[in-house]
There are 2 protein chains.
Amino acid sequence: MKVLNKHTDYAVRALIALGMKPGSRISAKTLSEEQGIPYQFLRRILQELIRNGLVSSKEGAGGGVALARDPDEIRVRDVIEIFQGSVQVSECMFRKQLCSNRANCVLRHEIMRIERMVNDEFAKVTVGKLIADLKRVEEARAGVQVQE
Amino acid sequence: MKVLNKHTDYAVRALIALGMKPGSRISAKTLSEEQGIPYQFLRRILQELIRNGLVSSKEGAGGGVALARDPDEIRVRDVIEIFQGSVQVSECMFRKQLCSNRANCVLRHEIMRIERMVNDEFAKVTVGKLIADLKRVEEARAGVQVQE
DNA sequence: ACTAACTGATACTAAATTGGTATCAGAAAT
DNA sequence: ATTTCTGATACCAATTTAGTATCAGTTAGT
Ligand code: FES
Ligand code: FES
């Protein structure tokens, strides 16, 4: 059972890649080659990110895409929301047997609690944070290589 | 994006229903009617629960199913595991660009953290707990009705 | 012994979702 | 003009999900 699908996965990777080259526009083609993401698929993902204001674009030759916001203001949760809809643990089904009314459905209660937790966690993870982590790891690795 | 599918959902509801009538065997047919779960679908779900030792069964006339364990020892997480496999936030894809080696992949790191959290939360919720909550709510409601 | 009420096992299906491709139109740079 | 890009959208195959159907075997009651 995978929580994140390819859309979300690729979107996050693309956002990280964009965030690591701040200021510069990158074409979808270049991005797709660098990240090994199928071109047409990435195109559609980027267009969705653009529509939702996470990424800005410029048409025509020399055009491309760039982050439209501070990486710290882009939450993985936002990306999930765009491509998979908000995280729901289970749909409500208003079962007469188990819950006479929705307000006091036990299942729903438990489920909503976990739902909130998951959402909060994904909201804590921003593209900025991932980039920072990534850079830290890369520097550490570079350090090790020098010592070898 | 739903985290729990119908298999898990129905399974949990069935387990709750069984747990509320301790000792007695119930036929899949009765259960399906009481809970409004499609009969053949419920049958398959029950068989899976039986195979995994959460439910015991008796064949033939007068047969049926019953919980095979203490409701407090049946975790929603176990049910998820049976029908949806263990909760994974994202599959690992060992992308050369983002993670030179798997041990220090940032994405993976964050994702595993959330994965663990979700799994732990679902492990905390047992059928016994849900039944207790349900009974509490029902008693409260009965009390209100008396006062009316 | 017969029958009705059950479970075990498993094959099948329709519809939705997922992951990916292809195409065409239009914008900007050279 | 031509090349390089995005915008929009239609299409597609494979998988998953949710549900159905069937047949064989077991047990209880008569
Ligand atoms: S399942 Fe929706 S109110 Fe209980
Ligand atoms: S995605 Fe698997 S190691 Fe990074």
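A: A polar contact is here a pair of N or O atoms within 3.5 Å. By that criterion, in this predicted model, a polar side-chain atom of B:Lys58 lies 2.9 Å from a phosphate oxygen of DNA strand D. Two further contacts reach bases of DNA strand D: a polar side-chain atom of A:Gln47 is 3.2 Å from a base nitrogen, and a backbone N or O atom of B:Ala61 is 2.9 Å from a base oxygen. The elements that contribute two or more residues to the surface near DNA strand D are H3 and strand E1 (55-58) of chain A, along with helix H1 (6-20) and H3 of chain B. H3(A) supplies the largest share of that surface, 6 residues.

In total, 27 residues surround DNA strand D, and the closest are A:Arg43, A:Ser57, A:Ala61, B:Arg44 and B:Gly60. By class, the surface near DNA strand D comprises 8 nonpolar, 10 polar and 9 charged residues. Of the atoms of DNA strand D that come within 4 Å of the protein, 52% are sugar or phosphate atoms, and the rest belong to bases.

For DNA strand C, the number of surrounding residues is 25, with A:Phe41, A:Arg44, A:Lys58, B:Arg43 and B:Ser57 the closest. Sugar and phosphate make up 52% of the atoms of DNA strand C within 4 Å of the protein. A polar side-chain atom of A:Glu59 is placed 3.2 Å from a sugar or linking oxygen of DNA strand C. Chain B approaches the bases of DNA strand C through backbone atoms: a backbone N or O atom of B:Gly60 is 3.3 Å from a base oxygen, and a polar backbone atom of B:Ala61 is 3.0 Å from a base nitrogen. The elements giving two or more residues to the surface near DNA strand C are helix H1 (6-20) and helix H3 (39-51) of chain A, together with helix H3 (39-51) and strand E1 (55-58) of chain B. H3(B) gives the most to this surface, with 6 residues. The residues near DNA strand C divide into 8 nonpolar, 8 polar and 9 charged.

The setting of these elements in chain A can now be described. Chain A has 6 helices and 2 strands, in the order α-α-α-β-β-α-α-α from the N terminus. Of the 148 residues in chain A, 43% are buried. Among contacts in chain A with a separation of 6 or more, 66% join residues 24 or more positions apart. Chain A exposes about 7600 Å², of which carbon and sulfur atoms supply 49%.

The interior also deserves mention. In soluble globular proteins, nonpolar side chains tend to be buried together. The largest nonpolar core here has 78 residues, of which A:Leu15, A:Leu31, A:Leu49, B:Leu15, B:Leu31 and B:Leu49 touch the most other members. Beyond residues up to four places away in sequence, A:Leu31 touches A:Ala14, A:Ala17, A:Leu18, A:Ile26, A:Gly36, A:Leu42, A:Leu46 and A:Val65.

A:Thr126 is located in the loop between helix H5 (106-124) and helix H6 (127-147) of chain A. A:Thr126 counts as buried because its relative accessible area is 11%, under the 20% limit. Leaving aside residues up to four places away in sequence, A:Thr126 touches A:Pro71, A:Asp72, A:Ile74 and A:Arg75.

How values were computed
Residues are numbered from 1 along each chain as its sequence is written. Chains are lettered from A and ligands numbered from 1 in the order in which they are written. This is a predicted model: local features need pLDDT of at least 70, side-chain atom pairs count only at pLDDT 80 or more; totals for chains, interfaces and linings use all residues. Side-chain values use heavy atoms; hydrogens and water are left out. Helices (H or I, at least four residues) and strands (E, at least two) are DSSP runs, numbered from the N terminus. Buried means under 20% relative accessible area, exposed over 50%, partly exposed in between (1.4 Å probe, protein chains only). Contact means heavy atoms within 4.5 Å. Accessible areas come from the Shrake-Rupley method with a 1.4 Å probe; for residues, only the protein chains shown count as cover. A residue is near a molecule or strand if one of its heavy atoms lies within 4 Å of it. A polar contact is a pair of N or O atoms within 3.5 Å; within protein, one must be able to donate a hydrogen and the other to accept it, and residues adjacent in sequence count only if both atoms are side-chain atoms. Ala, Val, Leu, Ile, Met, Phe, Trp, Tyr, Cys and Pro count as nonpolar, Asp, Glu, Lys and Arg as charged, and the others, Gly among them, as polar. A nonpolar core is a set of buried Ala, Val, Leu, Ile, Met, Phe, Trp, Tyr and Cys residues joined through side-chain atoms within 4.5 Å.
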